[in-house]
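Here is a short report on the model shown next. It covers the overall fold, the metal sites and a few individual residues.

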Amino acid sequence: MVKSPRPDPSMVGGVVKPSYARLPEPETLFKERAQRFRTLASGHDLKPYLLFLANLCEVQHAIQDGLPAAELPAPDDLARAREFAMPPLDRNRFSADAACEATLDGLCSVIGLCELTPAAGMALQKVRAANPAALAIMMQSVLSDSVPVEAIAEHVFVAAALQVHFARLAAQLEVKSLVAVGDGICPACGGPPASSMVVDWQGAGGARFCACALCGTQWNYIRAKCSVCGSTKDVTYQEIEGGPGTIKAECCGECRTYVKVLHLQKDIALDPIADDVASLGLDLLVRETGLRRGGVNPFLIGY
Ligand SMILES: [Zn+2]
Ligand SMILES: [Zn+2]
């Protein structure tokens, strides 16, 4: 493992002021992620799982055409959220509406047509057989990052449906209406990041964005700060020795967590969810140092 000191804050300050956030584009997000999972699967130790996730993302893309419109909260509620620096799509106060239920239903139907392992097939059956009350509990478990260890497989399908629903909601927000709601918290839905990215976008080159694991919103966040607790005191970076240097773990000695940083300026194809899963080897190395994951990725729970 290679350790390097944190970046010079003056260099971080030299970044041009980028837009605060980038909202998801659900019509391309999942299709591109599916392709990325498929690319990463080639020759990978986790190949069968990565191919399963590629299929799942393709389904996330394919079902959107037939879905009812995802309805934003009322304008007054959105204005109030902004006034009090609360996320407008607060996942802690979410209850499924018809569009969300149709998303989960559609996702389960279409993924059921794919070839699944017996374990994944059984998990899918459990979701399809669940009554509305049981489904509501599963959704709450995903949204509160408290998925029970013995039921991880079925929650993957629920999380995938919620990703589609929240991305379709977040896509309707306006970037200028978003305000920072706290360290390590998505300004759209209130969720934690899956990972973060140093980007090479025009007007934002070198800036770092955290990527929400749920709604897909990406928000600008200073590079020298821990993306979980906001501390700048003891942030170091670790990466796999001899690797391409495209993914590093930002390790915080204050809150004892780490979040991956994907360097898109070195590889534009990196995806904050797919590459987070495929770089599991980095998690295993960093965990040996006693740190725990600060990022949340519904496809990585249980590892
Ligand atoms: Zn979000
Ligand atoms: Zn921290």
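In this predicted model, 51% of the 303 residues of the protein chain count as buried. Buried means under 20% relative accessible area, exposed over 50%, and partly exposed in between, with a 1.4 Å probe and protein chains only. The accessible surface of the protein chain is about 13,800 Å², and carbon and sulfur atoms hold 55% of it. Accessible areas come from the Shrake-Rupley method with a 1.4 Å probe; for residues, only the protein chains shown count as cover.

Residues are numbered from 1 along each chain as its sequence is written, while chains are lettered from A and ligands numbered from 1 in the order in which they are written. Local features need pLDDT of at least 70, side-chain atom pairs count only at pLDDT 80 or more, and totals for chains, interfaces and linings use all residues; side-chain values use heavy atoms, with hydrogens and water left out.

**Overall fold**

The protein chain has 10 helices and 9 strands. Both are DSSP runs numbered from the N terminus: helices are H or I with at least four residues, strands are E with at least two. The C-alpha trace spans about 55 × 50 × 35 Å along its principal axes. The radius of gyration is 19 Å, which agrees with the value near 19 Å for a compact globule of 303 residues. That radius is taken over C-alpha atoms, and the globule rule is 2.2 Å times the number of residues to the power 0.38. Among contacts with a separation of 6 or more, 66% join residues 24 or more positions apart. Contact means heavy atoms within 4.5 Å.

**Zinc sites**

Donors are N, O and S atoms within 2.8 Å of the metal (3.2 Å for Na, K and Ca); water is not among the atoms, so sites may look incomplete.

| Ion | Donors | Distance |
|---|---|---|
| Zinc ion (ligand 1) | C186 (SG), C189 (SG), C212 (SG), C215 (SG) | 2.3 to 2.4 Å |
| Zinc ion (ligand 2) | C226 (SG), C229 (SG), C252 (SG), C255 (SG) | 2.3 Å |

Why is the arrangement around the zinc ion (ligand 1) tetrahedral? Its 4 donor atoms subtend angles of 96 to 119°, and four donors count as tetrahedral if all angles lie between 85 and 135 degrees. Around the zinc ion (ligand 2) the angles are 106 to 112°, so that arrangement is tetrahedral too. The ideal angle for four tetrahedral donors is 109.5 degrees.

The donor residues of the zinc ion (ligand 1) are spaced C-x2-C-x22-C-x2-C in sequence. C189 lies in the loop between helix 8 (152–170) and strand 3 (193–198), and C215 in the loop between strand 4 (208–212) and strand 5 (218–220). The two are 26 residues apart, and both are buried.

The spacing for the zinc ion (ligand 2) is C-x2-C-x22-C-x2-C. C226 is buried at 2% relative accessibility, and C252 is buried at 1%. C255 is partly exposed at 21%.

**Other residues**

The whole structure has 0 disulfides, a disulfide being a pair of cysteine sulfur atoms within 2.5 Å. For C251, the nearest cysteine sulfur is that of C252, 9.0 Å away. C251 is buried, at 3% relative accessibility.

H263 sits in strand 8 (residues 257–263). H263 is buried, at 8%. Beyond four places in sequence, its contacts include V198, R223 and G245.

C57 belongs to helix 3 (residues 47–62) and is buried at 0% relative accessibility. Leaving out residues up to four places away in sequence, C57 touches F30, R33, A34 and F37.

Note on methods
Four donors count as tetrahedral if all angles lie between 85 and 135 degrees; four count as square planar and six as octahedral if opposite donors are over 155 degrees apart and all others between 65 and 115; anything else is irregular.
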